Amino acid sequence: MPSLRLSSLALLAPPVLLLGVFFVMPLCYLLFVSFMTNSMGDLYETVPTLANYTEIVSDPFYHLIIERTLLSTAVILIACFLIGYPVALYASRLEARGRLLLLMALMVPLMVSNVVRAYGWVAILGRQGVVSGTLNTVGLVDRPMSFLYDFQAVTLGLLTILLPFMVITLTNSLMTIDERYREAAEALGAGPWRTFLRVTLPMSSPGIASGLMLVTFLTLSAYVTVALLGGPRYKLLVSFVFDSVSSFRWPRAAALSFVLLILALVVAAVIQIIVRPGRVKGRG
Amino acid sequence: MPERAADVRFEATEKSFGPVHALHPLSLTIEPGTLFALLGPSGCGKTTTLRLVAGFEQPSAGQVFIAGKDVTGLPAYKRNFGMVFQSFALFPHLTVGENVAFGLQMRRVSRSETATRVQRALDLVALGRYADRYPSELSGGQQQRVALARAVVFEPDVLLLDEPLSALDKMLREQMQVEIRQLQQRLGMTTVFVTHDQEEALTMADRIAVMRDGRLLQAGAPRDIYERPDSQFVATFLGASNILTATVEGIEDGTVVAALAGQTVRAAAPPRQPERGAEIALALRPERIAIGETGLVEARVEDFIYRGATVQVSLDLAGQPLNATLPSDRALGLKPGAQVRLSWPDDALVALSG
Ligand SMILES: Nc1ncnc2c1ncn2[C@@H]1O[C@H](COP(=O)(O)OP(=O)(O)OP(=O)(O)O)[C@@H](O)[C@H]1O
Ligand SMILES: [Mg+2]
């Protein structure tokens, strides 16, 4: 029916336009800039070059940073899943009021700015911080110690921000699984554990995949937390995008952004392959 | 599949949800190999009764036995039953074959035997070539058959069906009624099924238990329940029935003699014997009434409703309304206002106790 197609096109137009103007066009421009030469005075010098990419690809330092970025992402994803799933499972079985309270409690920290929260961690983990002070008082260490600026600090900081996103996404997904399916599994002789492994877990795979993707994108683009808790010693790829921008090497920053984008897509692909959300085919 | 039959027994089994008494103490034995229907209006406790057998609910008091074994307190997955849910509840992430294999895998049946038994079960429901499809790629009737195959493939002690056909349209429902009945006969499996459709219960079941407000009212073979209801509720819930008021004149070996519209009539006596002179309710099926020149009692024709093969005649029997269903050709000469005489076979009139 042509009229139907026309009206659906009309419905589609605004978001497509919005996406085109504010996402695709800037992205294309960024791609263009990433193949230009760095310039001290201008945004870039219009001399095409592959240098921005070849430098990243050939520099062992960047390899280290990429590895580090992937490692922290992987750890955050695994931790989000392992910690988030039981919480979500619990939340999904609560009655409506309890669930609302629990999810609200999880979201309250998100109402504080990331900057403030990161400083909170500094106050806990820094040289003058709570942890160091306690260890000193107890006598486990004999001088003030910083627990900042390393892998653990950054990962912990990011994890606390991202966990609620994972839990909320998973809870919603788990709640769509009708109790009948669990009863059907039980009727077929599956105990609680096997019911979980064979029915609940695979049926929640679309939720797991969306949650993990959300966390991935938020992890890879998180800057403030990484800057404040990683400091000068522990930087991730996103830190170098910022550093390049602040030293006016826009083409370099653009190239790094694309590498980051590719990393995000690769991680997303790996999530899809492992979690296989596509196996839940409608509702039986 | 070899025959396998177990009995199901309730002993003073009851269930409350807080203040709601979903099931009043129930004592009932479901004989091995029967197709047993739990019939009743919405909210009468049919599902609760079935879920007590399954172990999804535990009784507040009393016991449940399957195959002579007390299963009270045993979780569902340790009882050996197959179940078909109203919404089928086929696992959407598994293929038809994997769905059917599930129960066998849980019982650690070897891989090769699982494959043969899954194939046999799917053949049994005429879906042998659908093993690799996903449930979402099947029609409602096909999903229903997969759910059946999944429930019987591991030869459970009992098969439980909760309104298994209510999601299907009328044509398919009638076809599946026959198919389920045939499958049940072939496997000889004790089967309990829940329905609020009296026709379905009459068509399919070996025995019917009529429930109301959490209580068992009457249990028996379909013909017994239909022809000898012992309460007004059962008489009117199973098909149409006229309820007439009469006065008891006496009891003669299993028969109530009563005065109806000035005539003496005989009715099958209820379990609880009525007293002389008391008012009593009598049930009379409309299709058992004959209209003619001669007959037991006189009545006036009020109205007709033409129904194709039959005609429903509204009558007035000394102030009591009465319906008769006649074959269309027998109603040709009747006119509203005409005085006619009614007759019925001796066993058509049944005295009710409540
Ligand atoms: N989990 C529960 N919590 C509280 N009350 C319940 C619960 N399950 C059932 N009931 C109540 O118990 C009574 C019987 O319910 P049941 O589901 O057994 O009825 P049913 O005969 O299957 O009805 P329907 O034909 O509508 O399915 C109802 O009054 C119902 O509200
Ligand atoms: Mg029910």
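Phe248(A) sits in the loop that joins helix 12 (237–246) to helix 13 (250–275) of chain A; helices (H or I, at least four residues) and strands (E, at least two) are DSSP runs numbered from the N terminus. Its phi is near 65 degrees, a positive value in a residue other than glycine. Most residues other than glycine have a negative phi. This is a predicted model, in which local features need pLDDT of at least 70, side-chain atom pairs count only at pLDDT 80 or more, and totals for chains, interfaces and linings use all residues; side-chain values use heavy atoms, with hydrogens and water left out. Residues are numbered from 1 along each chain as its sequence is written, and chains are lettered from A and ligands numbered from 1 in the order in which they are written.

**Chain A**

- Chain A contains 13 helices and zero strands.
- The C-alpha trace of chain A spans about 75 × 70 × 35 Å along its principal axes.
- Chain A has 284 residues, and 39% of them count as buried (under 20% relative accessible area; exposed is over 50% and partly exposed in between, with a 1.4 Å probe and protein chains only).
- Of the contacts (heavy atoms within 4.5 Å) in chain A between residues at least 6 apart in sequence, 69% join residues at least 24 apart.
- Chain A carries 20 positive and 13 negative side chains, and the centres of the two sets are 8 Å apart. Lys and Arg count as positive and Asp and Glu as negative, while His and the chain ends are not counted; each charge is placed at NZ of Lys, CZ of Arg, CG of Asp or CD of Glu.

**Chain B as a whole**

- Chain B has eight helices and 20 strands.
- Along its principal axes, the C-alpha trace of chain B spans about 75 × 45 × 35 Å.
- Of the 354 residues in chain B, 52% are buried.
- In chain B, 66% of the contacts between residues at least 6 apart in sequence join residues at least 24 apart.
- Chain B exposes about 15600 Å², and carbon and sulfur atoms supply 47% of this area.
- There are 36 positive and 41 negative side chains in chain B, and the centres of the two sets lie 6 Å apart.

**Domains of chain B**

- Chain B is divided into domain 1 (8–228) and domain 2 (233–351), with bounds from an automatic or database domain assignment.
- The centres of domain 1 and domain 2 of chain B, taken over C-alpha atoms, are separated by 38 Å.
- In domain 1 of chain B, 15 residues are in contact with ten residues of domain 2 of chain B.
- The two domains of chain B bury about 1100 Å² between them, 68% of it on carbon and sulfur atoms; buried area is the accessible area (1.4 Å probe) that two parts lose on being put together, summed over both.
- On the domain 1 side of chain B, Gln198(B), Tyr226(B) and Arg228(B) lose the most area to domain 2, together 45% of what that side buries.

- Ala318(B) lies in the loop between strand 17 (310–317) and strand 18 (320–327) of chain B.
- The phi of Ala318(B) is positive, about 45 degrees, although the residue is not a glycine.
- Ala318(B) counts as exposed because its relative accessibility is 59%.
- Val84(B) belongs to strand 6 (residues 81–84) of chain B and counts as buried because its relative accessibility is 0%.
- Not counting residues up to four places away in sequence, Val84(B) touches several residues, including Gln144(B), Leu148(B), Leu160(B) and Pro164(B).

Key:
Accessible areas come from the Shrake-Rupley method with a 1.4 Å probe; for residues, only the protein chains shown count as cover.
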